[in-house]
Amino acid sequence: MLGLMQDYPLLVHTILDHGALNHGEREMVTLGVEGEIRRTTIADVRRRSLRVARALEKEGIRQGDRIATMAWNTERHVEAWFGIMGHGAICHTLNPRLFAEQLDYIVNHAEDRIVFVDTTFVPIMEALKERFPTVEKYIVMTDSEHMPATALPNAVAFEDWIDGVDEDYEWAKLDENTAAALCYTSGTTGNPKGVLYSHRSNVLHGLMVNQPDVFGLRSEDSILAIVPMFHANAWALTFAVPAAGAKLVMPGAGMDGESIYQLLDSEKVSSTAAVPTVWLGLLQYLEQTGKKLPHLNKVVVGGAACPPMMIRKFELDYDVEVIHGWGMTEMSPVGTTGKMKHATSTQDRESQLKLKEKQGRTPFLVEMKIVDDDGNDLPRDGKTSGHLLVKGPCVSSGYFKLDEDVLTGDGWFNTGDIANIDPLGFMQITDRDKDVIKSGGEWISSIEVENVAVGCPGVGEAAVIGLPHPKWSERPLLIIVREPGSDVGEQEILTFLDGKIAKWWMPDDVVFVEEIPHTATGKIQKMELREQFSDFEFSSPA
Ligand code: AMP
């Protein structure tokens, strides 16, 4: 027997309808890429999103078409998101930090028809435009006054494009499982893979992160969303903040300590979220200037392990609660948060600070377990480490246009992380199975660097591992076995790599060894190498 409740699909644009109707006056504030502060309200953002949807309709965009954005966190980007999704098209966020070959692959794989692009990123698109036969139009996210002269075909300023367009558009009527957004992840080897979110998963995820023990956003809050909308959905803040009726503050391109501090201060920000590298910049700025954080209650740190010193500085020096989070693009992205719980409330401060170093526990709607190499469940004893598997309504079941099974037989997704889980449910990442390095919140593929490095004359074998780094979380170390008789040196190898990989992928150091350890099947044993070089210090760590 079925229940007798209304069939009310979970659609992303209903978040904006709710926000506009009940918190319409609530502000969205952007530090624009031209350096100015722009203020709008949820109600206005909804009106302009409807105009975006109408303008897309006029362009002949149909449900399911992919529309890309390459943009900072700004109110125009939010309007583009809701307009695209509310029209039933798929909002495809492009990460400007990817290099040309990856962007080439991604835009063509997605077959994007229109690209929304911030002025900052116009040169990236101009350099690639010939390689994008499916892209019909570029909408530059600015007004006519700031519109750059550009060689992009059919380029128009965002403000001109929606100028005079009718806002009496009715959101598309969709099944809640309709695809809403697409985000490619390069967190594994091979070509980037498209994670395809649905309206339902986005709405559920927005609600999930609003639970009190996750981000716990309230209508009184002012939220600075530093985590980019182009990488893992700004950790759902674009949905969660209007759903809560909170104020949304966005930094545009201003990611340095001073810009972040000014927004925290002027907008009386109560909660904010970013990767550790950004927080390091803010903490350095605070130390240099002696400034404090009187309005800030909560800082969410994730995307890479939060260093213990960062937890202590925020909590002890600035009286700001640290919520250490973990997740991944395939999880929409939030998987765990380290908010204290009833059973830990009686612990002394020192034990709680220690516990915050772990990646946290799952909220309702995420299931998590660890297994051994044969897939057998491992105990939650806080000691045994295993492959971390997850399940839930906001976890991927496959990748866009890729016909491969990504789930285990009983429906679990393997995160590629190695972790333990303690009896209270707190998970701790202990290693990584996937062959990648996370630097400043973005991925470096170790295998790709190795493949280029072995092409250097005199190099016999190459292995790249990520080692902890004070500023970037991790940086690559290149380990080389020379060919017999060769005396190839560090500089020759780095010169060889130069121009063949992205600049920020360049190894920070090169070391030479007699032998690299292998598994029985001939794979390089990265975990053993990381262990072997655990005391290694980069020659220039700053
Ligand atoms: P992405 O899909 O780019 O968001 O990357 C997800 C991956 O980043 C995870 O599978 C982890 O390997 C890593 N990661 C995310 N958050 C943390 C964290 N708090 N501590 C350690 N690693 C993390």
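This is a predicted model: local features need pLDDT of at least 70, side-chain atom pairs count only at pLDDT 80 or more; totals for chains, interfaces and linings use all residues.
View A. Although Trp235 is not a glycine, its phi is positive, at about 50°. Most residues other than glycine have a negative phi. Trp235 counts as buried because its relative accessibility is 10%; buried means under 20% relative accessible area, exposed over 50%, and partly exposed in between (1.4 Å probe, protein chains only). Helices (H or I, at least four residues) and strands (E, at least two) are DSSP runs, numbered from the N terminus. H8 is mostly covered, with seven of its eight residues buried; among them are Leu237, Phe239 and Val241. Just after H8 comes Gly245, with a positive phi of about 75°.

**View B. Asn154 in its loop.** Here is another residue that is not a glycine and yet has a positive phi, about 50° for Asn154. The loop that holds Asn154 runs between strand E6 (137-140) and strand E7 (155-157). Is Asn154 buried or exposed? With 53% relative accessibility, Asn154 counts as exposed.

**View C. Surroundings of Gly254.** Look for Gly254 in the loop between strand E11 (247-250) and helix H9 (257-266). Gly254 counts as buried, since its relative accessibility is 10%. Leaving aside neighbours within four places in sequence, Gly254 is in contact (heavy atoms within 4.5 Å) with Leu31, Ser259 and Ile260. Phe230 is 24 residues from Gly254 along the chain, and their C-alpha atoms are separated by 15 Å.

**View D. The cis peptide bond at Pro333.** Ser332 and Pro333 are joined by a cis peptide bond, with omega about 20°. Most peptide bonds are trans. Pro333 belongs to the loop between strand E14 (321-327) and strand E15 (334-337).

**View E. A negative surface patch.** Which residues form the negative surface patch? Glu528, Glu531, Asp535 and Glu537 do. Patches are made of residues with over 30% relative accessible area and no salt bridge, like charges being joined within 9 Å; a salt bridge is a side-chain nitrogen of Lys or Arg within 4 Å of a carboxyl oxygen of Asp or Glu. Glu528 is found in helix H15 (residues 526-532) and is partly exposed, with a relative accessible area of 41%.

Notes:
Residues are numbered from 1 along each chain as its sequence is written. Side-chain values use heavy atoms; hydrogens and water are left out. Patches are made of residues with over 30% relative accessible area and no salt bridge: like charges are joined within 9 Å, nonpolar side chains (Val, Leu, Ile, Met, Phe, Trp, Tyr) within 5 Å. Accessible areas come from the Shrake-Rupley method with a 1.4 Å probe; for residues, only the protein chains shown count as cover. Lys and Arg count as positive and Asp and Glu as negative; His and the chain ends are not counted. The place of a charge is taken as NZ of Lys, CZ of Arg, CG of Asp or CD of Glu.
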